[in-house]
Amino acid sequence: MPEGNSGGTGVSRRKFLLTSGAIGAAGLAGCSAEGEGGNGGNEASGDSGSDSGGNGGDSSSSSSDDGMNTSLLNAEGSSTVYPISNKGSSYWNANAPPSDGEYWGSNDESTVPGWDELDTDQNLADHFAGLYGFEPTNQRSEAPFPTTVSLSHSGTGCKAVRDGLVDIGNSSGPITAELDLSDSEAEEQFVDHVVGRDGQPVVVSSDIYDAGVTQLTGEQIRGIYQDEITNWSEIGGPDQEIFVIGRAEGSGTDTAFRLNMLGGADAPMPGVDSRFGQNQQVAEAVANNDGAIAYMALAFTSESVQPIGIEFEGTLYEPDKDAENTIFDSAYPLNRDLHMYTKITDDTPSGTDLREGAFLNMFLTTFGQTVFVEQNNYIPLPTADIESEAAKLPDQA
């Protein structure tokens with residue numbers, strides 16, 4: 001049986017499973033509470049040092065003297081998209097001046113990526129909001145309108161934007177799968193804003209990686225999750241039972257994995273021993289338990305949570321950007337879009353209002369793609385995709 005290595009105390013697989021059910025349930029309950037208006041905390045490194053400002057509980061209408069809607073813009077959903085969205089929100093609310101150099105602008109010590117492409121002398125949020133007609137505040141930590149991001153699941157985020165509870169629903173799975181919609185139904189109700197991509201990895205615990213299991217075939221991974229392969233010795237590893245970890249049902253990571261690996265969003269996975277509600281919880285479970293395998297978001301991998309290469313139909317995709325074929329390539333079968341959905345309404349027939357447009361536009365710049373996407377270990381969009389995503393936004397002022 002796999003032995004846990006956390007704190008130097010061995011924990012049997014059975015004992016872990018008995019306790020992880022309570023931990024997983026608590027994690028899911030925590031997600032639900034956060035989804036009701038909590039800020040959720042940051043799951044990945046890279047925040048600007050300013051939290052996302054607010055808890056999403058009060059988005060009542062407010063407007064500036066010129067009639068612009070300056071009420072709170074709130075987002076909720078996927079723990080995979082959360083590092084991108086929340087870091088963007090943190091930067092937005094900090095509204096750093098162009099003299100900052102570290103988070104925005106340039107000085108003698110540092111310059112933010114893509115600064116030479118931004119023709120502005122305004123604070124960060126003032127600049128992006130100003131493109132859509134909002135008046136600048138010219139004040140650090142006072143954006144033209146505030147933003148907040150809550151942490152839950154992709155399915156929760158999609159339901160929240162559908163029900164008008166939030167402005168933006170973050171999802172790492174397509175809304176068609178999360179809400180059981182046809183493509184045409186989704187297009188009639190929502191606008192799909194793709195802000196980056198995730199080369200969704202499969203990871204193993206360090207003991208398995210060190211034992212030589214650094215790559216598997218797609219068929220072997222399917223066999224593990226369908227309970228056809230239960231011991232690492234069956235696929236070239238040590239004589240050790242496989243501890244199979246999955247994400248919570250309803251998470252975009254789970255939906256995307258089932259779609260891309262097993263062929264359907266509802267494909268059964270009887271091999272799963274334990275499920276967790278957030279990527280961080282999955283990473284901790286892999287790091288603290290021998291014999292483990294899991295699927296997760298790329299941003300949460302580490303030396304103790306090692307991504308492996310996967311061979312699909314004779315092509316090996318490796319977790320190395322310098323390899324011939326990598327998990328960062330668009331051809332990688334587990335590559336997936338990261339979505340921020342907005343809702344089409346009678347008041348906003350285009351599906352995206354000016355606040356949403358200003359905020360989303362920030363992610364579709366070299367600055368945004370580098371700082372919020374790439375620096376969180378996700379895959380930036382190619383230029384053609386950025387242009388097509390920008391075309392979905394409202395016209396700038």
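This is a predicted model: local features need pLDDT of at least 70, side-chain atom pairs count only at pLDDT 80 or more; totals for chains, interfaces and linings use all residues.
Colleague: How many of the 11 residues of H9 are buried?
Modeller: Buried means under 20% relative accessible area, with exposed over 50% and partly exposed in between (1.4 Å probe, protein chains only). The buried set includes Asp254 and Arg258 as well as Phe257, Met261 and Leu262. H9 is largely enclosed by the rest of the structure because the buried residues number nine of the 11.

Colleague: And H8 against H9: at roughly what angle do the axes cross?
Modeller: Axes here are lines fitted to C-alpha atoms, for helices over the stretch in contact, with angles from 0 to 180 degrees between N-to-C directions. H8 covers residues 218-225 and H9 residues 252-262, and their axes come within 11 Å, crossing at roughly 125 degrees.

Colleague: So which class does that put H8 in, relative to H9?
Modeller: Under 35 degrees is roughly parallel, over 145 roughly antiparallel, 65 to 115 roughly perpendicular, and the rest oblique. H8 is therefore, relative to H9, oblique.

Colleague: Which residues of H9 make the contact with H8?
Modeller: Contact means heavy atoms within 4.5 Å. H8 brings Gly218, Ile221, Arg222 and Tyr225. By class, the contact counts five nonpolar, one polar and one charged residues (nonpolar: Ala, Val, Leu, Ile, Met, Phe, Trp, Tyr, Cys, Pro; charged: Asp, Glu, Lys, Arg; polar: the others, Gly among them). On the H9 side it's Phe257, Met261 and Leu262.

Colleague: Now H2 and H11: are they roughly parallel or roughly perpendicular?
Modeller: The axes of H2 (residues 82-94) and H11 (residues 354-363) come within 11 Å and cross at roughly 110 degrees. That angle makes H2, relative to H11, roughly perpendicular.

Colleague: How many charged residues sit in the contact of H2 with H11?
Modeller: H2 supplies Ile84, Ser85, Gly88, Ser89 and Trp92, and H11 supplies Ala358, Phe359, Met362 and Phe363. Sorted by class, they give six nonpolar and three polar; charged, none.

Colleague: Which residue's side chain makes a polar contact with the side chain of Asp198?
Modeller: Asp198 is in strand S4 (residues 190-199) and counts as buried because its relative accessibility is 0%. A polar contact is a pair of N or O atoms within 3.5 Å; within protein, one must be able to donate a hydrogen and the other to accept it, and residues adjacent in sequence count only if both atoms are side-chain atoms. The Asp198 side chain has a polar atom 3.1 Å from the backbone nitrogen of Leu298. Side chain to side chain, at 2.8 Å, the partner is Arg336.

Colleague: Last one: which residue's backbone oxygen does the side chain of Gln369 reach?
Modeller: Gln369 is in helix H12 (residues 366-373), and at 5% relative accessibility it counts as buried. Beyond four places in sequence, its contacts include Val195, Pro380 and Ile386. The backbone oxygen reached, at 2.8 Å, belongs to Phe363.

Conventions:
Residues are numbered from 1 along each chain as its sequence is written. Side-chain values use heavy atoms; hydrogens and water are left out. Helices (H or I, at least four residues) and strands (E, at least two) are DSSP runs, numbered from the N terminus.
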